[in-house]
Amino acid sequence: MSLKKRGASLLVGAGAITALVATSGTAHAADPVEPGGIDPSLTTINLLNINDFHGRIDTDGTGASGKAFACTVVETRAQLGEDSTALLSAGDNIGASPFTSASQEDLPTIQFLNTLGLEASAVGNHEFDRGFSDLTGRVSQAADFDLLGANVYERGTTTPALDEYSIVEVGGLKVGVVGAVTQQTPSLVSPQGVSGLDFGDPVEAVNRVAAQLKDGDATNGEADIVVAEYHEGATEGDDLTTLDAQVAAGGAFADIVNDTAREVDAIFTGHTHKGYAWDAPAPDGGTRPIIQSNSYGDTLGQLQLGFDEETGEVTQYSATNVEVADPTDTCASNPTYVSASAIVDEAVASAGELGKKVIGTVSDDITTAHNDGARDNRQRESTLGNLTADIWLDALNQPGRGGADIGIMNPGGLRDELLHEPTGDEEPGEVTYAEAASINPFANTLMTVDLTGAQVVTLLEQQWQPEGSSRPFLKLGLSDNVTYTYDPDAAAGSRISSVSIDGEPLDEGATYTIASGSFLIGGGDNFTVLAEGSNAKDTGLIDTDAFVNYFGARDEVSPDHRKQAVAITDQPSELTAGDEVSFTASGFDLTSLGSPTNSEVEVFVGDDSVGTFPITAGLIQGVPTRNGTADISFTVPEQATAPAGSAADDDGTASQVRLVASPSDTEVSFPVTITADEPTSTTTDPTTSTSDPTTSTSSDPSTSTSTSTSGTGTSTGTPTATSTSGTAPGTDDDVTGPVVETDDTTPGPGAGVVGSGLGLLLAAGAALAIAGARRTAGRRH
């Protein structure tokens, strides 16, 4: 039972006080032993610990995960008996939770942990997801366990804002549990929710409270044993698999290991979702245990301490992580398990009803890429993947969020489709809460990380997976402000030809903030460059919640059938006026349900249309596979124009080649330098310089989801006059500022793009400022 709350005093047994005073408030290093190997002459206590549980009472809609965890706790507790065991936590018990718990504001999880007998917990950063008032109000009132944060202070003071410690009676001993949360919490949650708080050094706070609990003064709280619960832990990294490597790397975890005071007998950690049970060096020599138990209730930390009643010291310990296993027949008759299991069943049933809630509508199917009638072709771009990346970017750019530049989505995270036809009792086009949750079932939190432009190029390169991977290519979903070209036949590391962000060329030296789920930001699916980025932050926002919020803010969401990546072989970088240029472009078509087959592509050099070329439908094998091919050949105009603001020097004029496919409006571009040919006195017959302007392609947006018609162009294309209509290049009145989401889907002019070849333009001293080539019509979602 918990015996200590902040501001209260506690008297401990005379024998314990005598022992504490005799040791002058110090603790000494203990000896590690195998589990179950504590000397029987010592008083043994059994501390069970969790961290980063994140509401995982149900991960698959059946409640099996919660029941397995409950049984493991019950059976591990039984090893030494109820009186000799306590269940503790290093924080993040709630927040970033799956649908069953999150949809009910995590109340089922709190009740579940109450029933299992959780006695004290450090607060994690996710306990602040809904703000400090929610933590100290709704959450604290629902929890039977103490919520501890010794390093959380009222703003501008050293006055504790939360309970600093709790005294838990275990096996007749007083165990002081001191909690602290990562000092980075303000950057991990909404700033408004913690605006009245300061987050101090967690080690300093733990040491201050531990000294108090060991000073022999019964009026300010005393403990026989002190354990620290840090919501902070060892960091990620393939080269950081040992305690020595972690300490050598420095940082918050090294501070915990090196600087936690000798009064602390054992250290529990969390936050980083790692699993370890290490023998850490103790200040007075020897070792003490430091433990973290993965996350999501996958394992249960078990620490047994052997306490010498005569010396008042912990002299032995065993530390391990117990794998969570399926429920046994023994559990079925245990009252604690039965009660916890009933909470899970009730939560699952309630979530089933909540899942019927309609959150929005779709105008048509929005799906993953399909192949021969099967969904989930992860090599291909999809309407659902790109929409999801848009949603992540939108969520992180809402007021109170940190902001981001690019949204990305891993294809394997999309586990269902958004279909227009109803799957239940809903009307056609209606999307339910359960459908949104089924698309994003992993309850990843949304994170951000900063990458340089060069790293963004590497990120796109890493879609080609390492040799030996089960899938040779994984196509990232990208927010609609990103387009790129690539050469599928180029060598690894040089496939990406050009990249455009927000209608501007990617700057390889600039910094871009990427928004995605925690799995991908952590380097999942071999996108390792994301783990190498800087300033990684966990927003605390669950992917499903972001999905629901996006739909709730819109009357209707429509599929966007524009491809954002097109393959180009023999992509030119330099053009000479009057010369013939040829290259092949492929991969214009999506394979998501309802996507049109493109029939033609119009090509622009700068602001001049140089022809419309037929797209031959059909599958192109390779990595990645793709659909739709166009052989493009044209003569570079003698008086080729460049986008407004382009620079000219001795090496030529910086410009761009832009491709716009119909009827999907797929659009990509790449940078070129145009060199003027020797001037001649030849006068061009105006009747031959351009074709009938009516042949210029400008797709009606209403055709974007209709069945396409075959093109009638020839292999050399149909030249078209420089357009002067509102849909032609360079006629947007030099619009500047952010892209505005509207219902107008008329394609605005494209933008110059640049990727790994950016150095070409920089070396020429050309400033590719493409005002008037910026999209003015936002995508419809």
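Guide: Let us begin with contact, which means heavy atoms within 4.5 Å. The model before you is predicted, and in it E426 touches T432 and E435, not counting residues up to four places away in sequence. E426 itself lies in the loop between strand 17 (406-409) and strand 18 (430-432).

Visitor: How do you know that E426 has no salt bridge?

Guide: A salt bridge requires a side-chain nitrogen of Lys or Arg within 4 Å of a carboxyl oxygen of Asp or Glu. For E426, the nearest side chain of opposite charge is K356, 9.5 Å away. E426 is therefore without a salt bridge, although it is buried.

Visitor: What makes D345 and K67 a salt bridge?

Guide: Their closest N and O atoms are 2.8 Å apart, and the limit is 4 Å; the pair therefore qualifies. D345 lies in helix 11 (residues 335-354) and K67 in helix 2, so the bridge ties together parts that are 278 residues apart in sequence.

Visitor: Why is K67 called buried, and why is D345 called partly exposed?

Guide: Buried means under 20% relative accessible area, exposed means over 50%, and partly exposed lies in between. K67 has 18% relative accessibility, so it counts as buried. D345 has 37%, so it counts as partly exposed.

Visitor: What makes C71 and C331 a disulfide?

Guide: The sulfur atoms of C71 and C331 are 2.0 Å apart, and the cut-off is 2.5 Å; the pair therefore counts as a disulfide. The structure holds one disulfide. C71 is in helix 2 (residues 64-77) and C331 in helix 10 (residues 329-332), 260 residues apart.

Visitor: Why is this disulfide of C71 and C331 called right-handed?

Guide: The torsion about the S-S bond of C71 and C331 is about 85°, so the disulfide is right-handed.

Visitor: How do you know that strand 17 and strand 24 pair?

Guide: Pairing requires at least two bridges between the strands. Strand 17 and strand 24 (residues 511-517) have two bridges, in the parallel sense, and therefore pair. I406 stands opposite I514 in strand 24.

Visitor: The open sheet of five strands has the order 20-17-24-19-25. What makes strand 20 and strand 25 edge strands?

Guide: Strand 20 (477-478) and strand 25 (534-542) each have a single partner strand, so one side of each is left without a neighbour in the sheet.

Conventions:
Residues are numbered from 1 along each chain as its sequence is written. This is a predicted model: local features need pLDDT of at least 70, side-chain atom pairs count only at pLDDT 80 or more; totals for chains, interfaces and linings use all residues. Side-chain values use heavy atoms; hydrogens and water are left out. Helices (H or I, at least four residues) and strands (E, at least two) are DSSP runs, numbered from the N terminus. Buried means under 20% relative accessible area, exposed over 50%, partly exposed in between (1.4 Å probe, protein chains only). Lys and Arg count as positive and Asp and Glu as negative; His and the chain ends are not counted.
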